[in-house]
Amino acid sequence: MTPMALALILGWWLVAACRAQHLSRPSLSLHPSQGVSLGENVTLRCHLPQLAARVRLYKEGRWIHSNYKYKEQDTAEFSFLNTNREHAGRYFCQYQVSWSAVESEKSDPVELVLTDRSFPPPSISVSPEECVETGTNVTIQCWNKDYGAAFLLHKDGCSAPIQRQDLAVVGTATFTIFGVTPADSGTYRCSYRPSGHPFLSSPLGNNVTLEVTPTPSTPGAADSSHGNLVVAVVGGCTAAFLFILVLAIFFLLAGCRRQIQRDECPVDALKCSSVNSLLPLLDSEGLTYVELQAVTPSSQPLNPPADPQPSVIYAEIAVGRHH
Ligand SMILES: *[C@@H]1O[C@H](CO)[C@@H](O)[C@H](O)[C@H]1NC(C)=O
Ligand SMILES: *[C@@H]1O[C@H](CO)[C@@H](O)[C@H](O)[C@H]1NC(C)=O
Ligand SMILES: *[C@@H]1O[C@H](CO)[C@@H](O)[C@H](O)[C@H]1NC(C)=O
């Protein structure tokens, strides 16, 4: 167990060194998290790992709004009422523990994508249709010949899109789900990002449903693999332990260097693979910032971020706000 003790001591030391060096990063979340239309209200909430004297919200490209007050809170809220196209974009937040202190690490960027209902919804088709066997490759096509530049495939029940495709020319996107399993059964829809408007979204289009029938299991296959399984498990555990040690150290180091992208789809991570982690990181050039009043967060229990009923989340924020 000497290597393990060593690893623990090393890990503890790395964490301590990391804390001393950086103000750990805040995290930024959107409420509602998805599907806000132009004209609706949205709140960006910066979650602070410690109390801060000042919190800043930055937006790539443009300066929007300024409101220069502060309070000591562990959450700062920035609300946009009656959103317009100018609000759409990529944001991050940073804080200072005192007026003279250095700014913290940046939060991971968050994209505020607003649904613009003046764009027509995309069309959708699925092939082969409706009911298929496990293992089939299923193709879903989405199209809008006038505006569709990047298409997103949504599955009902998943808060984030499950696939994204950027097109070189406006037109049709083809999504393939290879070797479907019963877990892929469900209702699918598309939306698109209009050409030239990366942070606007079309409304969701019509749905297609996919039903995957399970293949009856073959009894022989399970038995023959049993002996090998025992050997594999024993060998695998040893390898896995070493691997996890190395990984843990790697991630501690990476954490210090702010390389970790956070998974923004924790609730349905098992059945939905989110495209959020593919979003490019911001660079710090040409950024402007917004400073708004930090508002006392709602005292009511907050809904989880993946709540599929966005307007409900907003209502609670609105009720709970006070100055
Ligand atoms: C947005 O918030 C304002 C002020 O709280 C409220 O009057 C308005 O009804 C809200 N709009 C929507 C679409 O919820
Ligand atoms: C599904 O697609 C993969 C990759 O193109 C291919 O190798 C496989 O044979 C296909 N399976 C079926 C059932 O068509
Ligand atoms: C899918 O669309 C059909 C009509 O095209 C509609 O009857 C059905 O309710 C929709 N399903 C869901 C889950 O929205």
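Biologist: Is Tyr91 buried or exposed?

Modeller: This is a predicted model. The relative accessible area of Tyr91 is 0%. Buried means under 20%, so Tyr91 counts as buried.

Biologist: Which residue forms an aromatic pair with Tyr91, and is the pair stacked, edge-to-face or tilted?

Modeller: The partner is Phe80, at 5.7 Å centre to centre. The planes stand at 45°. Stacked needs under 30 degrees and edge-to-face over 60, so the pair of Tyr91 and Phe80 is tilted.

Biologist: How many residues apart in sequence are the parts that this pair ties together?

Modeller: Phe80 lies in strand S5, residues 73-80. Tyr91 lies in strand S6. Phe80 is buried too, with a relative accessible area of 3%.

Biologist: How many aromatic pairs does the structure hold, and is the one of Tyr58 and Phe92 stacked or edge-to-face?

Modeller: The structure holds 4 aromatic pairs. In the pair of Tyr58 and Phe92, the ring centres are 4.9 Å apart. Their planes are at 15°, so the pair is stacked.

Biologist: Which strands hold Tyr58 and Phe92?

Modeller: The pair ties together parts that are 34 residues apart in sequence. Tyr58 is buried at 9% relative accessibility, and Phe92 is buried at 2%. Tyr58 lies in strand S4 (residues 54-60), and Phe92 in strand S6 (residues 89-96).

Biologist: What share of the accessible area of ligand 2 does the protein cover?

Modeller: Gly135, Asn137 and Phe178 surround ligand 2. An oxygen atom of ligand 2 is 2.3 Å from a side-chain N or O atom of Asn137. On its own, ligand 2 has 360 Å² of accessible area, and the protein covers 27%.

Note on methods:
Residues are numbered from 1 along each chain as its sequence is written. Chains are lettered from A and ligands numbered from 1 in the order in which they are written. This is a predicted model: local features need pLDDT of at least 70, side-chain atom pairs count only at pLDDT 80 or more; totals for chains, interfaces and linings use all residues. Side-chain values use heavy atoms; hydrogens and water are left out. Rings of Phe, Tyr and Trp (its six-membered ring) pair if their centres lie within 6.5 Å; planes under 30 degrees apart count as stacked, over 60 as edge-to-face and the rest as tilted. Helices (H or I, at least four residues) and strands (E, at least two) are DSSP runs, numbered from the N terminus. Buried means under 20% relative accessible area, exposed over 50%, partly exposed in between (1.4 Å probe, protein chains only). A residue is near a molecule or strand if one of its heavy atoms lies within 4 Å of it. A polar contact is a pair of N or O atoms within 3.5 Å; within protein, one must be able to donate a hydrogen and the other to accept it, and residues adjacent in sequence count only if both atoms are side-chain atoms. Accessible areas come from the Shrake-Rupley method with a 1.4 Å probe; for residues, only the protein chains shown count as cover.
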